[in-house]
Amino acid sequence: MSLIELMIALIVLAIGLLAVGRMFPAGARAQTQDRLLIGANYYAQERMESLTGLSWSDPQLTDGRHPAGAAMDTLQQGQWMRFYQVTTMTGKLDNLKKVDVSVVYQGAGQAPRTITASTYVRR
């Protein structure tokens with residue numbers, strides 16, 4: 001009887017170990033996705049900080065997309081791509097420029113994702 005109990009215990013243990021073993025790839029994938037998101041946030045914040053210190057008439061704060069067209073700043077061998085859009089507000093807010101910094105990233109088996117951070121520059 002104890003041999004049968006031992007075999008059942010080994011089967012239950014093996015099933016438990018297989019279940020735990022399946023969690024490791026999912027955890028590694030989630031960790032990679034988080035690293036990519038943190039990097040995208042960092043690069044967006046970095047560009048925003050450099051732009052908020054500029055004067056109103058600086059060429060980097062002209063209305064439109066920077067870099068122009070479909071071009072993007074490539075970061076870390078293309079893992080992240082960054083661009084920003086400047087829009088002068090109208091009406092009562094005409095002393096503000098809205099700056100939207102977008103970072104596109106892809107990895108860990110995901111489709112491309114974009115994060116956008118916004119700030120305003122005062123005249």
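Q: What is the accessible surface of the protein chain, and which share belongs to carbon and sulfur atoms?
A: Accessible areas are computed by the Shrake-Rupley method with a 1.4 Å probe, and for residues only the protein chains shown count as cover. In this predicted model, the surface comes to about 8,300 Å², with 61% belonging to carbon and sulfur atoms. Local features need pLDDT of at least 70, side-chain atom pairs count only at pLDDT 80 or more, and totals for chains, interfaces and linings use all residues. Residues are numbered from 1 along each chain as its sequence is written, and side-chain values use heavy atoms, leaving out hydrogens and water.

Q: How many of the residues count as buried?
A: Buried means under 20% relative accessible area, exposed over 50%, and partly exposed in between (1.4 Å probe, protein chains only). Of the 123 residues of the protein chain, 27% are buried.

Q: Which residues form the aromatic cluster?
A: One cluster is formed by Y42, Y43 and W80.

Q: What does the C-alpha trace span along its principal axes?
A: The trace of the protein chain spans about 85 × 30 × 20 Å.

Conventions
Phe/Tyr/Trp six-rings, centres within 6.5 Å; stacked < 30°, edge-to-face > 60°.
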